[in-house]
Amino acid sequence: VRAVWMSYLTLEPMVKGKTKAQFTANVGAAFKKAADFGFNTVFVQVRPFGDALYASDFFPWSRYLTGTEGQDPGYDPLEIMCALADEEGLRIEAWLNPYRVRIGDQPMSSDNQAKIWLSQGSDAALEWNGGVYYNPGSPAARKLIVNGVREIVRNYDVDGVHFDDYFYPTTDPSIDAAQFAASGEADLTAWRRANVTRLVKAVHDAVKATDPTLRFGVSPQGNPDNDRNEQYTDLSVWLTASGADAVVDYLCPQIYWGYGYALSSGSTRFAFENITAEWLALPRAESTALYFGLGAYRVGVGDGGANADSVSQWCSGSALARQVTDLRSACAGGWALYRYGSLFRSDESGLAAAERAALTALDG
């Protein structure tokens, strides 16, 4: 797998206020560029905030299409992207944020299910730190998300579905205290991990029931401890389950650090050469692939490490090339670059500087 993430940050200037012909030309050029550079897979973000860059019965049209959530752009961007990916010989996976609905005061349309649930006092949606999220502990929220995935794989010629690392928004016990108390469970962390796994397993099964050849995977954080204890992802189960018990087809941890990367404490656990070895050593079913997400956005900037060459190795361009070479030598299943807009920055020139900075901050 030689993949590139195409986020809503990249897609917005290609689609917002554009005619169908203009969008088709913009994305066609981007996919051709990706194919020409040797990529064989694109992860296209079609649900960044509980919305849809496609015709959906469950989620409103994304505001990144027209500027207004719920407004039909007059054509179906995902349908077009699937056709264009086929023309370029690219696999296309629909990239979704499962729980995130809003960060800040972005307005929600009247048909936004999260807004409806909040107005009803339902625990299927929750508010935290100014944001809105679907509640991982809610069966209704899980059903909505699974239905949304099933809709995509039934209606569009995608090759798979891809989740990233937005699961629980916080470790604060107050957000689901009543639900946890009612569950009768004693361990909040274990209960939350089970909630996330229920969703991921249900999505996997829905994808496979539609077409067993389709792939479903998750891109967790690069720090396994954060995944387990802050995002509540049960890596041991996800990696080792197989057959009827399988939870994912692949994981693609986000390894956005360079060689020799060091924390101010002196720890080099997250240096590329160390953390990739840690991931590769985790027990894993033969049927579960392991790819690695690499930080193309670090090129020319650096990774913020305390080591002396934390910037220079990225400015020379050597870090990314070495990482790809070393992953091949380690027999990893592939890699993905975050993100297209960092490789071909001119494609995002339509964004105002202030808006670009705000969106980048939201996207982490």
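This is a predicted model: local features need pLDDT of at least 70, side-chain atom pairs count only at pLDDT 80 or more; totals for chains, interfaces and linings use all residues.
**The main core**

Begin by selecting F31, V46, M81, Y134 and F163. Within the largest nonpolar core, which has 99 residues, these five touch the most other members. Next, select helix 8, residues 188-210. Helix 8 supplies 8 residues, the largest share of this core. In soluble globular proteins, nonpolar side chains tend to be buried together.

Now select F43, C252, Y291 and Y338. They are among the 11 residues of another core, which lies apart from the largest one.

**Aromatic pairs**

The model has 24 aromatic pairs. Show W5 together with F43. Their rings form a tilted pair, with centres 5.8 Å apart and 50 degrees between the planes. Which parts of the chain does this pair tie together? W5 belongs to strand 1 (residues 2-6) and F43 to strand 2 (residues 41-47), so the pair joins parts that are 38 residues apart in sequence. W5 is buried, at 2% relative accessibility, and F43 is buried at 1%.

Move on to Y99 and F167. This pair is edge-to-face: the ring centres are 6.2 Å apart and the planes are at 70 degrees. Y99 sits in the loop between strand 3 (91-96) and strand 4 (100-102), while F167 sits in the loop between strand 7 (160-163) and helix 7 (177-183); the pair links distant parts of the chain, 68 residues apart. Y99 has a relative accessibility of 0% and counts as buried. F167 counts as buried too, at 3%.

To view a cluster, select W5, F43, W95, Y256, Y297 and Y338, which are linked by ring pairs.

**Charges over rings**

Select R47 and F59. R47 lies over the face of F59, 3.8 Å from the ring centre. Then select R322 and Y259. Here R322 lies over the face of Y259, at 3.6 Å from the ring centre.

**Two cysteines**

Finish with C252 and C331. Is C252 buried or exposed? C252 is buried, with a relative accessible area of 0%. C331, in contrast, is exposed, at 67% relative accessibility. The count of disulfides is 0. A disulfide needs the two sulfur atoms within 2.5 Å.

Technical notes. Residues are numbered from 1 along each chain as its sequence is written. Side-chain values use heavy atoms; hydrogens and water are left out. Buried means under 20% relative accessible area, exposed over 50%, partly exposed in between (1.4 Å probe, protein chains only). A nonpolar core is a set of buried Ala, Val, Leu, Ile, Met, Phe, Trp, Tyr and Cys residues joined through side-chain atoms within 4.5 Å. Helices (H or I, at least four residues) and strands (E, at least two) are DSSP runs, numbered from the N terminus. Rings of Phe, Tyr and Trp (its six-membered ring) pair if their centres lie within 6.5 Å; planes under 30 degrees apart count as stacked, over 60 as edge-to-face and the rest as tilted. A charge sits over a ring if NZ of Lys or CZ of Arg is within 6 Å of the ring centre and within 35 degrees of the ring normal.
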